[in-house]
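Open your viewer and keep the selection panel at hand. We will go stop by stop, with something to select each time.

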Amino acid sequence: MIQTVAWVVSLIFMTLIAVVFGVVALKSQGRRDYEPIKKKWYKARSFYAITLVIVMLAVTIYTLRDLPYNQPVYSEGQEPTVVDVEALQFGWDISQTEFKVGEPIEFDVTSKDVNHGFGIYDEDMNLLAQTQAMPEYTNTVYITFDEPGTYEILCLEYCGLAHHIMTATIEVTE
Ligand SMILES: [Cu+2]
């Protein structure tokens, strides 16, 4: 769905740019008075700039309104469950895959070979958390599941021919 939208939007903008180029090429034939054109397009430029600032501000405020994003907050004395994750071509070595709702979890993610991406998806395939899986380096990602279900681990970094089979699941129960 998103790919289709991105594809169509790209096509629309490419067409728009092509049309603008065409119009400019056609209109560049005859000579015209420079001053009125300059005045008109300086005005258009100001309008464009102001519109752009307003639109981008609105988009920025709208998309960032959830900040700071949900970070797990551990109550005092509550230690997260530490889970070791090792990525390798082409699979995941996860020390624990069954958890409880509300259990704070710390995934310590590394790789045995090349760079991979550790992504946790819910059942609707929304990305909940992610970090890089890098050789000789450990990245930490925290998550506390609010809902029971089967969560999917996908590799987010193209890592070789069988990258697409690099999946695993996590079970979260009440
Ligand atoms: Cu991978």
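Before you click anything, one term: a residue is buried under 20% relative accessible area, exposed over 50% and partly exposed in between, using a 1.4 Å probe and protein chains only. This is a predicted model, where local features need pLDDT of at least 70 and side-chain atom pairs count only at pLDDT 80 or more, while totals for chains, interfaces and linings use all residues. Residues are numbered from 1 along each chain as its sequence is written, and side-chain values use heavy atoms, with hydrogens and water left out.

**Stop 1: the two domains**

Colour residues 2-63 as domain 1 and residues 81-173 as domain 2; such bounds come from an automatic or database domain assignment. The centres of domain 1 and domain 2, taken over C-alpha atoms, are 43 Å apart.

**Stop 2: a salt bridge in a helix**

Select E35 and K38, which form a salt bridge with their closest N and O atoms 3.6 Å apart. The term stands for a side-chain nitrogen of Lys or Arg within 4 Å of a carboxyl oxygen of Asp or Glu. E35 and K38 are separated by about one helical turn, because they sit three residues apart in helix α2 (residues 34-63). Helices (H or I, at least four residues) and strands (E, at least two) are DSSP runs, numbered from the N terminus. Both ends of the pair are partly exposed: E35 has a relative accessible area of 47%, and K38 one of 27%.

**Stop 3: a salt-bridge network**

K112 and D93 meet in a salt bridge at 3.4 Å, N to O. Here again distant parts of the chain are linked, with D93 in strand β2 (residues 91-94), 19 residues from K112. D93 is partly exposed, with a relative accessible area of 38%. Through shared partners, the salt bridges join E86, D93 and K112 into one network.

**Stop 4: the four-stranded sheet**

Switch to cartoon view and look for an open sheet of four strands in the order β2-β1-β4-β7, with mixed pairing. Two strands pair if DSSP finds at least two bridges between them. At the edges are β2 and β7 (139-144), each pairing on one side only. From one strand to the next, the twist averages 25 degrees; axes are lines fitted to C-alpha atoms, for helices over the stretch in contact, and angles run from 0 to 180 degrees between N-to-C directions. Strands β4 and β7 run antiparallel and are joined by six bridges. To see one of them, select E106 and its bridge partner in β7, Y142.

**Stop 5: strands around β9**

Select strand β9 (residues 167-173) and show its side chains.

Next, bring in strand β8 (residues 149-155), which runs antiparallel to β9 and is joined to it by six bridges. In β9, I153 has A168 as its bridge partner, and E152 has T169. Five of the seven residues of β8 are buried. β8 also pairs with β5 in the antiparallel sense, over four bridges; there Y121 has E152 as its bridge partner. Strand β3 (residues 98-100) runs parallel to β9, joined by three bridges, and the partner of E98 in β9 is E171.

**Stop 6: the copper site**

Finally, centre the view on the copper ion. Its ligands are H116 (ND1), C155 (SG), C159 (SG) and M166 (SD), at 2.1 to 2.4 Å. Donors are N, O and S atoms within 2.8 Å of the metal (3.2 Å for Na, K and Ca); water is not among the atoms, so sites may look incomplete. The four donor atoms make angles of 93 to 125 degrees, and the site is tetrahedral, a label for four donors whose angles all lie between 85 and 135 degrees. Along the chain, the donors follow the spacing H-x38-C-x3-C-x6-M. Among them, C159 and M166 are buried.

Methods: Four donors count as tetrahedral if all angles lie between 85 and 135 degrees; four count as square planar and six as octahedral if opposite donors are over 155 degrees apart and all others between 65 and 115; anything else is irregular.
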